[in-house]
Amino acid sequence: MTIPATDNTSETAPSKSEAGITLEILRYIPGTHSEPTFQRFEIPYVEDWSMLDALGYIKDELDSSLSYRWSCRMAVCGSCGMMFDGVPKLACETFLRDYYPRPIRVEPLENFGIERDLVIDQEPFLEKLESVKPYIIDAMANAPSGKPGAPAGHERETIQAGENRQTPKELALFDQYSMCINCLLCYSACPQFGLNPAFLGPAAISLAHRYNQDNRDQGNADRAPALNEEDGVWSCTFVGYCSEVCPKSVDPASAIQQEKVRGATDWALSWLLPKGAR
Amino acid sequence: MRWKHHEPFFWSLFGAGGVISAFCVPVMVLLTGFLLPLHLLPEAAYNYESLHALAQNLWVKGAILVIVALSLWHCAHRIFHGLHDVGVSTGPLARTLTYGLAGLSSLALLILLLTL
Ligand code: SF4
Ligand code: FES
């Protein structure tokens, strides 16, 4: 994209003579708006501005009441997810130039409650995340001085218990799933989550899978109840849009299918094994 | 853990049926839908006796059962979950109609093959 010929000012200090672009932002401030309504903002078009830069310009220069989440500006913190023309993306890695000269619709992430403007309510997701215990459980059980199945004692959690080895091959089993930044784009992309908010959802399942696949972890059975529920992995119909929108190439759809295979094996064993051994 | 539902059973049949639908069904469609009616197959394929003898082989019976029944279970599961997607309630009625039809057809096929 080239700056129009009439333009001879610097890109970072836009003036009114420059080309502009329109942002239609869904606004909702509890107590002020009775329901979410679109508001148009005309802003200067700057080729290297990300959406986050554009929102920052609006907040600094046009309307300081605009609310949105952000922090890292580099696709690491996962806080700036929102909808651009109906597609979930990170504001910090989406650029005005990919839409110019058309107006851009900016909305909060779909399938979530709106707290204020572009800020969504993450609480339901955080509860789901907690339910899959996304951390290594009983890491030292297989360390040289640890006994499998023994309760995690403080002294076993120290380096004296020996080192916990992991080969590159074992790392590769979960590496990609550990890249999730909890940006929730996948939840906005998921039609099943849209229909059934109780669905555990792509990111929570990917993180459960990440720990289930980790050879240092002993927590598969602790995560099974949340995963094996009907609203766990079984609500997924493998649409695959979650993996398409994921900014970190986590491929949640693949994690879910692999956890379905694990679940189906558990289910078959529950019939085959005697009661006590299940 | 205790299972309060049997979704893994239906999903496993769906998954197996998916593999069959992807790899075997196109070949069967090609054979029975195009090559056979267009008279492009060897003479023996148009002889009732030889086809009947082929279908009586235990391995062929097994293959027919697997290809047809698993494809039906695959379809039933797709339709059942597809109903949910288009906003139709997926209560016991939809479950009975979809999986019931697949189950009954599989049973009918099994009886047919056993009595062939
Ligand atoms: S799986 Fe991908 S899209 Fe979903 S929350 Fe994690 S990083 Fe975001
Ligand atoms: S600001 Fe951190 S991911 Fe966009």
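UniProt positions are given here in the numbering of this model, with feature names shortened, and the annotations may be inferred rather than shown by experiment.

**Entry 1: ground rules.** I noted that this is a predicted model, in which local features need pLDDT of at least 70, side-chain atom pairs count only at pLDDT 80 or more, and totals for chains, interfaces and linings use all residues. Residues are numbered from 1 along each chain as its sequence is written, chains are lettered from A and ligands numbered from 1 in the order in which they are written, and side-chain values use heavy atoms, with hydrogens and water left out.

Entry 2: I looked up the record first. An unreviewed UniProt entry annotates residues 12–38, 58–76 and 97–115 of chain B as "transmembrane region". I then checked two of these spans. Residues 12–38 of chain B are 85% helix and 0% strand, with end C-alpha atoms 37 Å apart. Residues 97–115 of chain B are 100% helix and 0% strand, and their end C-alpha atoms lie 27 Å apart. Helices (H or I, at least four residues) and strands (E, at least two) are DSSP runs, numbered from the N terminus.

**Entry 3: the sheet in chain A.** I traced an open sheet of 5 strands in chain A, with mixed pairing and the order E2-E1-E5-E3-E4. Two strands pair if DSSP finds at least two bridges between them. Axes are lines fitted to C-alpha atoms, for helices over the stretch in contact (heavy atoms within 4.5 Å). Angles run from 0 to 180 degrees between N-to-C directions.

**Entry 4: strand by strand.** I started at E1(A), residues 20–27. E1(A) runs antiparallel to E2(A), residues 37–44, through 8 bridges. It runs parallel to E5(A), residues 104–107, through 3 bridges. Ile25(A) has Gln39(A) as its bridge partner in E2(A) and stands opposite Val106(A) in E5(A). E3(A), residues 81–84, joins E5(A) antiparallel by 2 bridges. There, Met83(A) is the bridge partner of Glu107(A).

**Entry 5: the helix.** I found helix H1(A), residues 51–62, lying across E1, E2, E3 and E5 of chain A. H1(A) runs at about 95 degrees to E2(A).

**Entry 6: ligand 1.** I counted 13 residues around ligand 1 (a heavy atom within 4 Å). The closest are Cys180(A), Cys183(A), Leu184(A), Cys186(A) and Cys246(A). The shell has 11 nonpolar residues (Ala, Val, Leu, Ile, Met, Phe, Trp, Tyr, Cys, Pro), 1 charged (Asp, Glu, Lys, Arg) and 1 polar (the others, Gly among them).
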